[in-house]
Amino acid sequence: MCLRTCVGLMVLVVAMMAGMAKAESNNAKVSYDATARVFRLDADRVSYVFGVNENDQLQTLYWGSKLAEGDSFKRAHSARGTSSFDPSVNATLQEYLGWGGGAYVEPDLKVTFPDGNRDLVLHYVSHHIEGNGLTIVVKDISRNIFVTLAYEMDAKTGVLARSAKIENRTSAPLTIEQASAATWNLPGDADYQLYYLTGRWAGEWNLQHQAILPGKTVLESRRGSTGDETNPWFAIERGTSADEDMGEVWFGALGWSGSWQIAVEQGSERQVRVTGGFTPFDFAYRLAPGGALETPKFYAGYSREGVGGASRLLHQFELGSVVPGAPRNHVRPVIYNSWEATGFEVNEAGQEALAERAASIGVERFVMDDGWFGERKNDTAGLGDWEVNSAKFPHGLSPLIGKVHSLGMDFGLWVEPEMINRDSELYRKHPDWVLGFPGRPQTEARHQLVLNLARPDVRAYVYEFLDKLLSTYDIAFLKWDYNRNWSEPGWPAVAPEDQKKVYVDYVRNLYGILADLRAKHPKVEIESCSGGGARVDLGIIHYTDEVWPSDNTDPFDRLSIQNGFTYAYAPRLMMAWVTDSPNWVNRRSTSLEYRFLSSMQGGLGIGANLNGWTEDDFKVAKKMVEQYKQIRATVQNGALYRLISPLGGSEWSVTESVSSDRRDAVVFAFLHSSQMGHAYPRVFPRGLDQRATYRVHALDGQLTSDSATVASGEYWMHNGLSIDLRGDFQAAVVTLVEEEAHR
Ligand code: DGJ
């Protein structure tokens with residue numbers, strides 16, 4: 001006892017003598033070398049190091065593979081300016097740059113003071129270390145504008161969360177015109193490649209890939225919400241060749257569901273820096289004396305295992321630290337959704353008939369989509385009036401919910417809380433509740449306008465109707481839809497100089513409503529849907545259990561949509577429905593088995609019109625749902641390997657999921673169409689335990705006869721699997737299960 005205490009004290013004394021302060025928590029460590037003025041964060045396989053330089057600027061020193069305990073850094077020194085045209089401030093790798101003092105690179109913070117001064121130079125003031133977290137206060141050289149920079153490193157993945165809180169401690173209001181969460185400086189190197197995701201409605205999640213050259217690539221949404229045009233995610237790979245499995249990759253994602261920007265810039269000294277936060281476009285946030293603005297979190301990490309490794313780390317981080325209830329390792333239920341079957345034509349008898357059929361194939365959650373409320377005959381009316389339509393449901397929703405429960409399923413309901421049709425009671429009562437500029441046109445999209453959720457009365461209305469629904473009915477799940485972006489984003493009820501706060505306050509209120517609902521109804525789960533995948537980001541994922549990646553349910557298109565999605569987001573978050581064939585998007589016909597296998601790579605849903613199914617369809621569906629339930633824990637929570645990409649017109653695509661204990665793996669293989677009689681390529685699984693023995697089983701008997709059925713992980717990973725797929729739109733699923741005896 002004395003020995004332990006004495007040794008502990010000695011260590012403390014030695015650390016203090018060396019001028020070191022350290023905090024350790026769950027294998028993440030934050031330390032500060034007071035002599036060199038260097039901060040260091042370590043976790044998993046990552047180190048992040050920065051210091052205070054001779055000008056009191058915070059300067060990045062290192063971000064990458066974990067360094068040895070004893071590796072130390074000298075005091076940071078600002079870079080020299082190269083000429084009268086390029087002052088030092090642009091070449092110095094600053095952690096958080098105020099716009100001032102000759103800065104031309106993308107700043108983190110830009111303000112205007114009431115006297116017209118727009119110069120802002122931020123210097124280190126103090127810091128505080130607690131657990132995995134570090135906060136650093138910086139301040140303008142003369143004015144009382146303070147910024148608290150927060151750093152928190154995830155112990156399991158080394159993903160670092162950064163954000164900034166800007167405070168006005170002067171005696172007059174000031175206006176923030178640009179505020180980012182963080183700047184990430186990459187190691188000095190000329191050769192980097194950028195990956196990002198773009199799309200549009202029914203065509204989301206396209207992976208883009210380009211060399212980073214001098215200049216700036218701006219990823220952005222000006223839409224008021226995340227948007228599907230570009231997703232707030234990036235990955236940057238070192239070198240000139242793209243590699244899924246190898247190579248150094250730095251990646252990041254913004255936790256924000258409003259307008260945003262990520263600027264990837266190669267400056268004149270060829271340093272690459274990534275700055276992200278609120279988009280500066282149409283941005284202004286007036287801070288009264290004593291006021292503060294907090295930015296979203298900007299998360300970033302590092303992998304040595306290519307873009308595939310970066311995705312796996314991000315998935316692990318999302319499921320382990322971001323989603324509600326994290327790190328709960330549950331599985332998503334198999335759902336049925338009525339939208340593609342009945343559209344707006346929902347009623348008690350029709351939904352009950354669908355529910356009976358859904359239950360017969362093993363569905364666990366029945367979700368009634370749009371059409372159940374107000375005068376919602378089509379998309380021109382009813383949004384805003386969240387009373388049950390009494391012609392469609394004369395006794396309210398209780399009979400349907402009771403029926404669904406009696407069939408062994410729980411019940412989910414569609415809502416679109418932030419929108420309003422002009423043809424609604426709510427609009428007739430509160431025309432002033434929408435976003436808009438007085439006397440100007442208000443652009444409708446899908447016949448709807450956007451409620452201004454930044455208004456306290458709108459926030460209260462939305463919370464109250466949802467709380468009432470969830471308190472009245474036994475609802476397990478809300479599908480929260482959002483079917484347009486903003487236009488004319490005016491907020492006439494507040495002073496003109498405060499109107500642009502709508503970009504921040506709207507999203508904060510959205511998060512507030514979600515948080516309050518979850519606190520009051522802790523068993524209710526929520527899906528984020530925005531006409532598909534237009535509101536998917538780490539901000540909304542903190543409050544929702546799953547997302548709808550796309551309205552496009554064509555099972556072949558879905559292979560590339562789902563592939564793109566997984567670069568940034570975990571398969572468990574991704575709902576995928578089996579719908580009717582030919583599919584409405586491309587009029588493409590595919591077998592029910594193919595449709596199931598395409599959808600079984602995420603959270604499985606059925607969205608087909610079950611009234612049109614044959615007895616055989618029900619048999620196939622029942623079998624596929626049973627098979628899915630056997631593999632879903634591995635598919636939803638396992639490590640994903642994209643073995644063969646569907647991109648670039650590939651005939652084939654293959655994914656593999658490996659359980660965290662590496663005892664199970666599931667391989668999905670898809671063939672577009674055979675050509676010239678060529679065989680399907682051999683498939684080389686990854687991530688298995690090389691010394692363990694695995695039994696291979698093809699759920700639909702598709703393996704060729706020359707394959708072994710029991711062999712080592714080494715064998716499967718290096719000799720590969722032979723999968724016999726021929727024809728058009730064929731698919732197979734293969735499991736590898738570790739043999740008990742060989743553990
Ligand atoms: C768009 C969603 O993405 C669909 O799944 C469906 O819920 C419709 N809205 C309903 O209006």
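A pocket is an open set of grid points with protein on both sides within 12 Å along at least five of seven lines, and its lining residues have an atom within 4 Å of a point. The exercises below apply this to a predicted model.

**Exercise 1.** Determine which residues lie nearest the centre of the second largest pocket, and which elements supply its lining.

*Solution.*
Step 1. The second largest pocket holds about 360 Å³ of space.
Step 2. Its lining comprises 19 residues, and those nearest the centre are Ser163, Glu294, Thr295, Pro296 and Lys297.
Step 3. At least two lining residues come from each of S9, strand S10 (160–168), S21 and helix H9 (502–520). The largest share, 3 residues, belongs to S10.
Step 4. Sorted by class, this lining has 8 nonpolar, 7 polar and 4 charged residues.

**Exercise 2.** Describe the largest pocket by its volume, its central residues and the origin of its lining.

*Solution.*
Step 1. The space in the largest pocket amounts to about 1,200 Å³. Among its 49 lining residues, Lys156, Thr157, Leu313, Gln316 and Phe317 are the closest to the centre.
Step 2. Strand S9 (145–153), strand S21 (297–303), helix H3 (306–322), helix H12 (615–637) and strand S32 (639–644) each contribute at least two residues to this lining. H3 provides the largest share, with 10 residues.
Step 3. At the level of domains, at least three lining residues come from each of domain 1 (68–119 + 140–322) and domain 2 (642–742).
Step 4. The lining of the largest pocket divides into 19 nonpolar, 18 polar and 12 charged residues.

Note on methods. Residues are numbered from 1 along each chain as its sequence is written. This is a predicted model: local features need pLDDT of at least 70, side-chain atom pairs count only at pLDDT 80 or more; totals for chains, interfaces and linings use all residues. Side-chain values use heavy atoms; hydrogens and water are left out. On a 1 Å grid over the protein atoms alone, a cavity is a set of points where a 1.4 Å probe fits but cannot get out, and a pocket is an open set with protein on both sides within 12 Å along at least five of seven lines; lining residues have an atom within 4 Å of a point. Grid points are joined across faces, edges and corners, and a volume is the space filled by probe spheres set on the points. Helices (H or I, at least four residues) and strands (E, at least two) are DSSP runs, numbered from the N terminus. Ala, Val, Leu, Ile, Met, Phe, Trp, Tyr, Cys and Pro count as nonpolar, Asp, Glu, Lys and Arg as charged, and the others, Gly among them, as polar. Domain bounds come from an automatic or database domain assignment.
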